[in-house]
Every structure is written in C-alpha cells, then in structure tokens.
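Keep the structure open as you read.

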Amino acid sequence: MNAAQALIPLPVLIPALAAAATLVAGRRPRLQRVITQFALSAVVVVCAALVYLADRDGTLVLHVGGWGQSVPGMGPLGITLVVDRLSALMLVVSAIVLLAVVAYAIGQGIRDGDERQPTSIFLPTYLVLSAGVCTAFLAGDLFNLFVGFEVLLAASFVLLTIGASEDRVRAGISYVLVSMVSSLIFLIGIALVYAATGTLNMAELALRLDDIPSGTRTALFAVLLVAFGIKAAVFPLSTWLPDSYPTAPAPVTAVFAGLLTKVGVYAIIRAHSLLFPGGELDNVLLVAGLLTMVIGILGAIAQSDIKRLLSFTLVSHIGYMVFGVALANQLGMSGAIYYVAHHIVVQTTLFLVVGLIERQAGASTLQRLGGLAAASPVLAFVFVVPALNLGGIPPFSGFIGKVALLEAGAANGSVLAWILVTGSVVTSLLTLYVVARVWTKAFWRARADAPEGHLAAAAPAVLLDDIEDIEFADRDSVGRMPVGMLAPTGALIAVGLALTVAAGPIFSYSERAAAEVLDRGQYISAVLGGEAR
C-alpha cells in the first residue's frame, strides 16, 4: 500500500475514531468540541489531498483486508474503496460543510433538554454521520454503499429528534418510516442484482450486467432508481422532505439539506453511468427532473415559513442535477457535478442563515418578520449573497451551473430536452422570485407592517432555540448573533464565492470528472486491473 492509498480510508476512520473518543469524553464538553473540530479539520485536509492525487494520478483504489484478488466466477472479494475525481470532489465539499456546520452548532450551543443537560450525544452522533457520508462516497460495491447509507441514516434519526419535542418526534417518525422503506427497496435491489450477476462489486457489475437481457437490466435499474430517488428527494418520491427537515435545529437542518440528498444524487450518477449506461430510463429521468423542478418551486411559492420554503427549493434544485445526469453527455454531466458542489454549499449556507434570523428576530415565518436590514445589515448581507447565488444571478456559481445544463440540453436537441430547458429557465426565475419575496418582506418591510409582527417583537426577551422547548445556554446573548455562529456562515459564503471566482479551474475539474465518469473503462481498469472491455 503506497502513501496515496493510505489516505483513502482516513475520511471514514478519523470521524469514526473521534466519535468513540467524544463518547468517552461525554462529561467533558470542551474536550468533545476540541476532538470534533480537530477530527473534521483533519478530514478536510485529507480530502483536499485526495482531490489533488485523483486529479493527478487517476482513480485510486484500496482493497481493504488484502482481498483484492478476483475469485473465478465470483469477482473481487472484500471491501473495495475507490476515489476518482467525482468521489474526491464530493468528499472535500462535504468535509468543508461538515466542519463549518459543527462550528456553527458549537457556537449556537445546542442543548438536549433544559439548561442543566448539555447534549453529550450530539457531537458523537454528528461524527458518525460524517463517517457514513464518507463511506457512501468511497464505496466500490453496492453493499458497502448500503452500509454507508444506513450509518448516516441511523445518525440522522438521532439528530433529527434531538431534544425530543413533539414536533421533532412526529417529523422523526415520518422520516424514519420513509428511510426504512427506501433502505428495504435498496436491499431488495441488491439481492436482485446479486442473483442476476453473482457479484456486488461495481466494477465487476459493470462487466456482468452487459451480458444479461436488457429487460432484466432495466428492471434492476428501476428498483435501484426508486431507492436512490427517495434518498435524493426526486419527485414523486420527495413529499417526505419538507415535513421532516424544518423541525430540526438549524445546524441539523443545514447539514441534512446540504448533504443527505446529494448522497442519493451521487448514487444515481454511479448507477446511471457505471452500471446501466445504455440510457433505457433516460426519458423517465428527464420527466422526473422536470417535475421535481417545477413542483418543488411551486411548493416553495406557497410557503410562508422560510425553513419550509427552502426545503421546497431544495427539492426543486435536485431536478437540475437529475436533468444533467439524464442527458448522458459530457457537458450535462459536467454541469450536474458542478451544480452538486454549488448546491451543497449554498443550500447549507441558507439554512444556517435561517438559524441566525431566528436568533436575531425570534421567528422564521414571514408573517412575523420585518425590518431586519435596518436592525442587522450584517444579517442582510449573509442572506442576500447565497440567496442570489441560489437564484442563479450572474456571475454567481448557480448561474454558471445552470448555463452549462441549458447548453447541454440544447445540444441534446430532443423535444423532451428542450422542454427541460424551458422548465429550467422558469424554475430559475421562480426561485429568484421566492428569495426576493423573503428579502423584501423579512428585511425591508417594517416589522409593524407584518401581520403578526407584534408576536415576534417581544420574542428576544424570551427567545428560545429553534423549537419552543429548548432554551439557549446563554440567556444574556439572546437576540444577538454570536461570532461562533456568524463566522462559519461567513466561511461558507466565501466558499460559495470561491466557486464563482475560480469557476474556470473548478469547472475544468468537473469536465475531467465527467469524462472519467462517462468512460467507465477507467474505473473498471483501476479496480479490476485491466479486465475492462
């Protein structure tokens, strides 16, 4: 094992070991915080190194346990970890977001129960979630992809219901049921794939699936798409998301919105390009992408609570990613990969900003908000920059990603692709309308003109955390934005702007990643050692 291969398991091992250490340090919250921030900082450094190495040297592979030799009739045994340009990019963006959100959470001081009961379980669970996300991106076989999903989902169940308020438990039950259904469908898909091919290694599957009847291939792909579509919140499998995410604390909602659905999108990309590249269900994906965009943004227009509004925009913009994947050309895949990186950062930032709004104003519903621009120009700035980026205003990264997808749709030239192009433009305009409505009502309208402004006006004196049963640890800071919350939000804004300023080299990297994804022979050769065809 060379030095590059030694780095591959670290994005999983570091947070997993840190989770164990923070559990041991459960009665020492300061030590817990130090361990968590150090571990996630180390993951960022490791993932940045993997991006460089994957771009320089090509796909990196590690056969854990030394079982890399293929067994005749069975393929490779054991656990295979794979880092190519796509997975490396997903790892580094996810690591940056995970670090920023945990810093925000520490600054906010999330507590479980009353002020005498500090949340000793939050940071260990968060680290387990981090390990699960990284496992999913590194998995070189379907079973370990399933394991990654289950690890992050188990951790998300705890994080979603932290504090055990009635609303959170109710939302958690819905989320758990949907997640279990998705996992069951995925497990059924794994069983069917293994029955048809005799292997779960994705490189070996890419070869063996070519030899089975097209009808069977399509059926297997459809089962996996349903499982991944639920996780990615693709319409009509997305109705669970707007009811589940808004009830959680702001940092939890932010990391869920930024990362968990993107793990599902990543799985769709892998299945579509590596395992089932024939395009049998491309039209289905195009229609699903269109409906996801349009229905999601129409749902956002109907919302008055900013958290629910952003949850619907999250669903809507998943449609852009599905659009790029379904086009099955290099420009479309490049645009989808770039847009995934952009959306992880921007959507996470906006949910963190909502937490700042709640901290400053005591509410997140538009009926109770107003005058925030005059009360806090800094808060106005940290909202408007990612909001314009989400809306796709030039020259932000959202605009760049959307233009690439529109060009790819036009290059495809089919009637359905042109309908998607039209739907994309309409969705972008409606997204801009949605964020402009928040901007005008929450920031520029006088609070006295808000229908329920008098209810929020008294809130800072008794301001509670995101749900009205969890008090802030430091009551003296209520109504002010702690630096510990503002600084991570500003850091993510800077990352979003970096995606714009460095759009040339980053999009070039996305193009190389897309070419590598679409040329599955590179992946197969790296894993199987020259057995690609």
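Contact here means heavy atoms within 4.5 Å. By that rule, arginine 217 touches Leu209, Asp210, Ile212, Leu275, Phe276, Pro277, Gly278 and Glu280, leaving out residues up to four places away in sequence. The model is predicted. Two packed helices are described by the angle between their axes and the distance between the axes.

**Arginine 217**
- Arginine 217 is part of helix H9.
- Its relative accessible area is 7%, so arginine 217 is buried, because buried means under 20%.
- Arg217 is also one of the H9 residues that meet H11.

**Helices H9 and H11**
- H9 covers residues 214–232, and H11 covers residues 250–275.
- Their axes come within 7 Å and cross at roughly 165 degrees.
- H9 and H11 are therefore roughly antiparallel, because the angle is over 145 degrees.
- The crossing of H9 and H11 is left-handed.
- On the H9 side, the contact involves Arg217, Phe221, Leu225, Phe228, Gly229, Lys231 and Ala232.
- On the H11 side, the residues are Leu260, Thr261, Gly264, Val265, Ala267, Ile268, Ala271, His272 and Leu275.
- By class, this contact of H9 with H11 has 10 nonpolar, four polar and two charged residues.

**Helices H12 and H18**
- H12 spans residues 282–301, and H18 spans residues 415–444.
- The two axes come within 9 Å and cross at roughly 20 degrees.
- That angle makes H12 roughly parallel to H18, because it is under 35 degrees.
- H12 passes H18 in a left-handed crossing.
- H12 residues in the contact include Leu286, Leu290, Met293 and Ile297.
- H18 residues in the contact include Ile419, Gly423, Thr427, Tyr433 and Arg437.
- The contact of H12 with H18 divides into 15 nonpolar, six polar and one charged residues.

**Aromatic residues**
- The structure holds 17 aromatic pairs.
- One of them joins tryptophan 439 and tryptophan 444.
- That pair is edge-to-face, at 5.9 Å centre to centre with 75 degrees between the planes.
- Tryptophan 444 is exposed, with a relative accessible area of 57%.
- Phe143, Phe146, Phe149, Phe186 and Phe228 form one aromatic cluster.
- Phe228 of that cluster is also among the H9 residues that meet H11.

Methods:
Residues numbered from 1 in each chain as written. Predicted model: local features only at pLDDT ≥ 70, side-chain atom pairs only at ≥ 80, totals over all residues. Heavy atoms only, no water. Axes fitted to C-alpha atoms, helices over the stretch in contact; angles between N-to-C directions. Helix = DSSP H or I, 4+ residues; strand = E, 2+ residues; numbered from the N terminus. Parallel < 35°, antiparallel > 145°, perpendicular 65-115°, else oblique. Left-handed = near helix turned anticlockwise from the far one by under 90°. Nonpolar A, V, L, I, M, F, W, Y, C, P; charged D, E, K, R; others polar. Phe/Tyr/Trp six-rings, centres within 6.5 Å; stacked < 30°, edge-to-face > 60°. Buried < 20%, exposed > 50% of the residue type's maximum accessible area, 1.4 Å probe, protein only.
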